[in-house]
Amino acid sequence: MVSQQVTQDYQRDGYTIARGLFSAEEVDRFADYFTSMVERGGDGWSEGEVQPNHPDPLKRYPRLLQPHRGDDVAFGFMVDPRIREHLTALCGAEPYAVQTMVYFKAPGARGQNLHQDNMYLLVQPGTCIAAWLALDDCDEENGCMMLVPGTHDLPVICQVETPGLREEQWGDIETPLPPGKEAVPAIMKRGDVLFFNGSVIHGSFKNRSETRFRRTLIGHYIAAETKQVAKYYFPIFRMDGSRLDDGIAESEHGGPCGVYEEREVVMSGSFRTWESPH
């Protein structure tokens, strides 16, 4: 049963947390299974070579990409009935599954720049949605997620250079915040699942802990009305685990990204608002 609070939070903010959706025993199994996988070399799913002695934690524990394409544990998570039930309630219709990832964020690992997931999936029309299972307690010390409430109605926004963040985050570009908005940390317990819309601006903090990992198991999904998605996300699966072989085309290029534009609006006087056009 999906709680009314979960759906209300999602409709208001573009994201929501289902508390305790997975048991401690299930989380232990996932954490041990995928940590063992990356420590033995990634089984072909790691982003780049696993380098156990590298000074960069992201090289020692690179993320795993698309393990569901050959691993039953990852596939089972992706189409888990609880995930399916929540996604259907939040999206208004059952979506399709297109991606799995495992992040490890070992102590000292940099965070991720602010971005929107649909910048990568290029879903048209509609957007994508993520299911983000915490395999460890997540807070600001060990690099929890941060999200910007109320950005779920935005188009994809052009990113800007942020070279000053190199020591804190992965890259040199990020999505700028809308005027008056700020990112909010998502404090989670292991077993909680964060669901968020693909237009929501989000990122993560650097892991400043000396001993704590921040491991996460992630699924990405696309809306039922989707007609196009980027080539990388094929094959596409229904939530019953069967493969969808037609009806959705490859999105070769996304549309132009938007920018924040100041406009004057007259309504009982004059004031300024900000919109983010395509």
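Predicted model: local features only at pLDDT ≥ 70, side-chain atom pairs only at ≥ 80, totals over all residues.
Visitor: Which strand is largely enclosed by the rest of the structure?

Guide: That is strand E3, residues 96-103. Eight of its eight residues are buried, so the strand is largely enclosed by the rest of the structure.

Visitor: Which strands are joined to E3 by bridges?

Guide: Strand E2, residues 64-65, is joined to E3 by two bridges. Strand E11, residues 216-222, is joined to E3 by seven bridges. The pairing of E2 with E3 is antiparallel, and so is that of E3 with E11.

Visitor: Let us turn to helices. How far apart are the ends of H2?

Guide: Helix H2 covers residues 24-39, and its end C-alpha atoms are 22 Å apart. At 1.5 Å a residue, its 16 residues should span 22 Å, which agrees.

Visitor: Which residues of H2 are buried, and which are exposed?

Guide: The buried ones are Val27, Phe30, Ala31, Phe34, Thr35, Met37 and Val38. Seen down the axis of H2, the buried residues fall within an arc of 155°, so they line one face of the helix. Glu25, Arg29 and Asp32 are exposed on the other side of H2.

Visitor: Why would residues spaced along a helix point the same way?

Guide: An α-helix has 3.6 residues a turn, so residues three or four places apart point the same way.

Visitor: What covers the buried residues of H2?

Guide: The cover includes strands E2, E3, E4 (128-134) and E11, together with helix H4 (72-78).

Visitor: What about H5: which of its residues are buried?

Guide: In helix H5, residues 81-91, the buried residues are Ile83, His86, Leu87 and Leu90. Seen down the axis of H5, they fall within an arc of 100°, so they line one face of the helix.

Visitor: What do they pack against?

Guide: The buried residues of H5 pack against helices H1 (4-13) and H4, and against strands E1 (15-18), E4, E9 (193-197) and E11.

Visitor: Now for Asn118. Is it buried or exposed?

Guide: Asn118 counts as buried, because its relative accessibility is 8% and the cut-off for buried is under 20%. Its place is in helix H6, residues 118-121.

Visitor: What does its side chain reach?

Guide: The side chain of Asn118 reaches the backbone nitrogen of Val123 at 2.9 Å. Leaving aside residues up to four places away in sequence, Asn118 touches Val123, Gly126, Thr127, Cys128, Val156 and Gly198.

Visitor: Which residues other than glycine have a positive phi here?

Guide: Gln66 is one of them, with a positive phi of about 60°. Gln66 lies in the loop between E2 and H4 and is buried, with a relative accessible area of 2%. Leu122 has a positive phi too, near 55°, and is found in the loop between H6 and E4.

Visitor: Where are there cis peptide bonds?

Guide: The bond from Gln124 to Pro125 is cis, with omega near -15°, and Pro125 lies in the loop between H6 and E4. The bond from Phe234 to Pro235 is also cis, with omega near 0°. Pro235 is in the loop between strand E12 (228-229) and strand E13 (236-237).

Technical notes:
Residues numbered from 1 in each chain as written. Heavy atoms only, no water. Buried < 20%, exposed > 50% of the residue type's maximum accessible area, 1.4 Å probe, protein only. Helix = DSSP H or I, 4+ residues; strand = E, 2+ residues; numbered from the N terminus. Pairing = 2+ DSSP bridges. Polar contact = N/O pair within 3.5 Å; in protein donor to acceptor, adjacent residues only side chain to side chain. Contact = heavy atoms within 4.5 Å. Expected span 1.5 Å × (residues − 1). Arc of directions from axis to C-beta.
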